[in-house]
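I opened the notebook to look up charged side chains and how much of them the solvent can reach. The entries follow in the order in which I made them.

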Amino acid sequence: MAWGLPKLPGLTFADPTKIQHHMRSSLRYYQGHRFPDTLIRGPGGTATDVDSNAFAMPEDSVNYDPSLTYGRVKQPALPAVIPHWVHYDKRCLNFTAFFKQPVFENPDENYRVRVVNIVYFLEDDTLTIMEPRVKNSGLWQGRMVKRGKIPKNDLGEYWHWKDLDVGKDICIYGKVFHTVSCDLFTKEWLESQGMELSKEEELPIDPYTQKERWKSVAPPSKPKSHDDRLRRFLEYEGKVLAFNVVWDNRDSPGGELEEFKLLYFLQDDTIAVKELHDGRGGKDPFPLLLKKTKLPKKWKERPVSFPSIVMETTDAEITEYYCPKDLIIGQTIFVLGRRFLIYDCDNFTRKYYRLMLDIEQPPPVEVRHETKKEFAKSLPPHIGIGAPEDTLQSCFGLMPKPPHKDIIKYNLNANKYLRYLCELDWIHPEDQGRRFVLAYSLADGTIKIGEVPRRNSGIREGKFLKSMKLQTPDSDPNFPTYFTPDKFYIGAIVPVFRHRFKIIGCDLFVYRYMSANPDKFPQEVIDNVRNYHMREGNLKDELEEAIREEHAAETRAQLAKIGQEAIAEPNAMERCLAALDVVEGSASPPRPSTPPMTTDRISYDDSLRIARLSHPKCESVLPLKGILKSSAAKEDHQKVVCFSGPAADEHREPDRPSYPPGQQPHFNEDKDFCEQYKDADAKERALRRARDECPYEIIPSAQALKPADETPDQPQPKGFLGSYGIDCKEIPPYMRLPPDAYDKVKNLRREVPEISPAAARIANYPREPMPTVDSCVNPPPEATGPCTVKKEDVAFACPHVEPRIPCCDPDKKESE
């Protein structure tokens, strides 16, 4: 269409872009009905001139009024009035409902649930009820109520859509229908009208229909297990998951909160429940509430075809059993109808769940038990027959049992007695001087007392008290306390049936038993018994052992300090290898020297014997493999410079005559026969004991004998060089001996013809023949000979570069 020309006949042109030329219909169809179309369009659906603004002037589009040119536009016609029956044509409200039909004289069913559809037509407010047809139901189904206005009551009112709702009972012609749901259109339309529908309900289950349906449904078949029973037996034998469970049976008469132990056996997935008895419930002690068996989750679950006469079920009837993932702390499980709460488990079970199942068990659940009021138990007094423990045992059951005995204590301490020497606290003069032996049995705690025989005493000695438990004076006769070894000491008074015994001595075994068990005795009792044996002179061996241990500790400390200070400086080869960063491996530098260590103090003769026998040989020298191919090897072992010699004041035992077995001198009536075999200081020790002093003469040190105002002298160094006032630890570096001093001193001592009897005996021992020179020049064919030399081996202790000197001759070896 050309722009810029007035729209007059003859001044128009055809638009080449226009394709459609059809005319729009004046009627339109809506839901099957014809209505006049109020929208007018031109040919091809184009807009008409009256509705177009294409002719408005662009420069004056606001003030331009097309009505001045084309005239006023006609007002559109009013919309047509749509009738009610046309607007709601084929619009229905659908509700799903049911009613129960009773069935008489039928053993299979008592009632039927029949589902219907209530259809409400909005077109004319009519209502009908349709029942869906079920195949082979045997019932006359279809339209139950014809379409029409259904009376609501006797007042002439009819059912309207405003009266319909979900979950409502609708009575139609004497039959009550209960609505349970509606379709989506019904819900949206009623909500658009301002009605709020109730919550939908579920249709009840028809028992007969469900029964018939289960007949056609095959029971679920369990998959065949491919579990290897032998492997599970070998892997999980003896591995049990233990849970602590509780059964709340307080709802039943006489019930209570009972604790049980649930055991899950990993070997075959079986469960056992064990009741925990506290001994106060008055119940029969049954060992197990549930024996070892597989526990089903639903113990009443049985298929319809299962015969009712059979009570036992098999794996074919049970759908699922309890497994480890169902046993979690805080959950409830059902054991054949009983409700059990899992509130704790052991450490093995927690570790198994964490490592194998990746499940972390929750913390234990606190189970509160009812605290019952306990009444005070009154125990009867001793009846006088047997011991008080026998009377007490008769209160614990109808059939009295003997008191329990500690068998382990009896077996460990059988025939072990603590014996004490006692004297009678006499009143009558004839009891003066009577002595008794009190023996306390460590096996059962009984005490027996026997009198020491005396010649011409006029008293019948022997057993004074048979073996029995002795009560303390302040104990209750009905609940007595007995004497124990911690109440026996030197000077203690022991009352025995109105007799008083004073302990005046004891065996050495008593002190040794107290020293071995210090937690059973007070320290005062141990000190009392030790002082007694010190006065008697029975602890000589213990004192000597303590002195030896003290001297050994001092010697070890001195040698350790000497060894820490006497560390040899690295030689030229060690410094060279350290500068080249040679580490252990194919080529390793010699390790730094280790200071000499010792744990025992040896005598002077033994040190010489050891020095003689410890001369190095080729067999004891290990070659070191490395990259070093030349130069002379040197000994890098640390040498001991300080020697320990015999001290001037060393105590030596006097020589006593010794006799071979069977040749000892016989006893005679000589008064001095026993005196000649006693120690020289026996009488002096006896006098010291009589004065209540230590029988041994303790020699004080020189520092202790000096007055306090004098300046204490420096302690004299110990050892061989210490006798000359030289301390090896304080020698300055410039005074230290050369590295080969140890070998030279050994050679000097080896040339002494006779140093001591022990050294002379050792020197007379036959010596081994020395190897020949040819054995070193021409090594043996085997690769592991004593003097084998390889190109890559360097011996740092056995030089054999020149074949003229035998490498295995220790007497001719000289240190370079």
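I looked up E366 and R368 and found E366 exposed and R368 exposed as well. Exposed stands for over 50% relative accessible area, buried for under 20%, and partly exposed for in between (1.4 Å probe, protein chains only). The side chains of E366 and R368 form a salt bridge, at 4.0 Å from N to O. I take a salt bridge as a side-chain nitrogen of Lys or Arg within 4 Å of a carboxyl oxygen of Asp or Glu.

I note that this is a predicted model, where local features need pLDDT of at least 70, side-chain atom pairs count only at pLDDT 80 or more, and totals for chains, interfaces and linings use all residues. Residues are numbered from 1 along each chain as its sequence is written, and side-chain values use heavy atoms, with hydrogens and water left out.

Next I looked up R500, whose side chain meets that of D425 in a salt bridge of 3.2 Å, N to O. R500 sits in strand 20 (residues 499-506) and D425 in the loop between strand 15 (417-424) and strand 16 (435-441), so the pair ties together parts 75 residues apart in sequence. Helices (H or I, at least four residues) and strands (E, at least two) are DSSP runs, numbered from the N terminus. R500 is partly exposed at 42% relative accessibility, and D425 is partly exposed at 40%.

Then I turned to R530 and D527, which form a salt bridge at 2.8 Å, N to O. They are 3 residues apart in helix 10 (residues 523-536), so about one helical turn separates them.

Last, I found K297, E320 and D326 linked in a network of salt bridges.
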